[in-house]
Amino acid sequence: MTLWNGSFPFYPGANVFLFDTTWAIIISVFFSMLATFIIILPGIRGRGRLFWFLRVVMGLFVGAVVLTIQFTRDWETGWVTANTSYKSFSPALVNVDIGLHIGLAGMNVTLVGNPVNQVNETINYNEHFVWSFDEDYDHSYGEGLEKGLPSPILYVAEKFTTQSPCGVHRQYRISGHYASLTLWMAFCTWLISILLFSMPILLYGGYMLLLTATLMLFSLLFFFTARNTPKCPIQFGLASLKTDYGGSFWLTLVTGLLCLLLGLGIITLNSVQPEKLKLIFNLDEGKGEEEKVWDKSHLPAEPSSSAQDVLMVPLGDLCEVTATQL
C-alpha cells in the first residue's frame, strides 16, 4: 500500500471538458427558426421563393454569429505537447497536451494526457478562469490553488493574474469588455435592419447593415490591441506555448465583411437599379399600380368624350339644328 493509495491529495477529481450550453441553446433557437421558415417556404409562389429563402438564411446566420461569439472561448488559441511535472512537490513527469483558449470574458486551460491515464489518474482537465468586470480573476485562481489543480494549469493561469509581472490581465479584460459591448450594439443594429427590410425601407436597412459591419470590425480591433501586447513566454521545458487567432475571431471577420458587402450592394442597387432590388425583396410592381388606381378614384370624374364634343359645337350650328327641328 503506497502513500495516499497511489493518488495525489487535495484534489477531488478531474474536471473534464464541460460542454458550454449557452451557445448550443442559441444555435438551437436559430435552427428552430430556420426550420419554421422552411415549412413556410412552399407557400411562397414564383421566383421570389429563392430570394426570400436566401434573405432568411443570411439574416439568421448573421444574428446567430453575432450572438454566439459573445460566449465562445476560442478568440485566441494555442496548443503545446510537453513532458512536465503533474503536481507540485512531486518528481513524476507526464506527457500532456496543454491548451490555452481565450475568450472575451475569460479563458480556459486544458490538460490532456498522452495517454489519458497516467500516474494512476485520468488526465483530462478543462478549467475556466473569468476576468469580466463582475468577476474576480484572482479569486478563481485562488480557488484553483485550494483545489490543488495540476501544475501546468496553475502555471498558465498565473500568467494572467493581476499580480503577474506579465501585465496582460488588464489589457485582455478591458479589450474583451469593449469588444463584447460593440458586439451587443451590432446585434441591436442587426435587429433594426431586419425590421426595416420587413417594412420595407430598403435603403435604411442597408445603412443598418453597414453599421452592423462597422461595429463587428471595431470589436476585432479592440481584441487586436490586447492580442498584440507583449507577452511573457509560457515555457514547459524546451516547448513553448504560443497562441494565435482562433475560430471566433475569423468567423467575426468573415461575417463583418459579409454585412459590409450586403449593405453596400443594397445601397448601390437602390440608387442604380431599384427595380432589381425590389425584385430581390419580392416587392411587386402591381402594388404600385393599385395605389395609383386608388389615388385616381378619389379625383373628380373627368367629362366624357361625348360631352366634350357637345360643348365644342359652334353656337351658330346649334341654332340651325334647333330651327330645323321646329
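Mentor: Before we look at any strand, keep one definition in mind: two strands pair if DSSP finds at least two bridges between them. Remember also that this is a predicted model.

Trainee: With that in hand, in which sense do strand E3 and strand E4 pair, and over how many bridges?

Mentor: The general idea is that strands of a sheet pair through backbone hydrogen bonds, either parallel or antiparallel. Here, E3 (residues 106-118) and E4 (residues 121-130) pair in the antiparallel sense, and nine bridges join them.

Trainee: Which strands make up the open sheet, and in what order?

Mentor: The open sheet has five strands, which follow one another in the order E4-E3-E2-E1-E7 with antiparallel pairing. E4 and E7 (244-245) stand at the edges, and because each has a single partner strand, one side of each is left without a neighbour in the sheet.

Trainee: How many bridges join E1 to E2, and how many join E1 to E7?

Mentor: Strand E1 (residues 76-85) and strand E2 (residues 93-102) are antiparallel and pair over ten bridges. Two places let you follow this pairing by eye: Ser 85 has Leu 93 in E2 as its bridge partner, and Asn 83 stands opposite Asn 95 in E2. E1 and E7 also pair in the antiparallel sense, over two bridges, and there the bridge partner of Thr 77 is Asp 244 in E7.

Trainee: Turning to the helices, at what angle do H2 and H7 pack?

Mentor: Helix H2 (residues 48-68) and helix H7 (residues 247-272) pack at an angle of about 140 degrees, their axes being 10 Å apart. Since only angles over 145 degrees count as roughly antiparallel, H2 is therefore oblique to H7. The crossing of these two helices is left-handed.

Trainee: Which residues meet where H2 packs on H7?

Mentor: From H2 come Met 58, Phe 61, Val 62 and Val 65, and they meet Leu 251, Thr 255, Leu 258 and Cys 259 of H7. By class, the residues of this contact are seven nonpolar and one polar, with no charged residue.

Trainee: How do the axes of H3 and H4 cross?

Mentor: The axes of helix H3 (residues 137-147) and helix H4 (residues 151-158) come within 11 Å and cross at roughly 165 degrees, so H3 and H4 are roughly antiparallel to each other. This crossing, too, is left-handed. In the contact, Tyr 137, Tyr 141, Gly 144 and Leu 145 of H3 meet Leu 154, Ala 157 and Glu 158 of H4, which gives five nonpolar residues, one polar and one charged. H3 also lies across E3 and E4, where the helix runs at about 160 degrees to E4.

Trainee: Lastly, how many aromatic pairs does the structure hold?

Mentor: A pair of aromatic rings is described by the distance of the centres and the angle of the planes. The structure holds 21 aromatic pairs. One of them joins Tyr 155 and Phe 236, whose ring centres are 5.3 Å apart and whose planes stand at 80 degrees, so the pair is edge-to-face.

Note on methods: Residues are numbered from 1 along each chain as its sequence is written. This is a predicted model: local features need pLDDT of at least 70, side-chain atom pairs count only at pLDDT 80 or more; totals for chains, interfaces and linings use all residues. Side-chain values use heavy atoms; hydrogens and water are left out. Axes are lines fitted to C-alpha atoms, for helices over the stretch in contact, and angles run from 0 to 180 degrees between N-to-C directions. Helices (H or I, at least four residues) and strands (E, at least two) are DSSP runs, numbered from the N terminus. Angles under 35 degrees count as roughly parallel, over 145 as roughly antiparallel, 65 to 115 as roughly perpendicular and the rest as oblique. A crossing is left-handed if the near helix is turned anticlockwise from the far one by less than a right angle, and right-handed if clockwise. Contact means heavy atoms within 4.5 Å. Ala, Val, Leu, Ile, Met, Phe, Trp, Tyr, Cys and Pro count as nonpolar, Asp, Glu, Lys and Arg as charged, and the others, Gly among them, as polar. Rings of Phe, Tyr and Trp (its six-membered ring) pair if their centres lie within 6.5 Å; planes under 30 degrees apart count as stacked, over 60 as edge-to-face and the rest as tilted.
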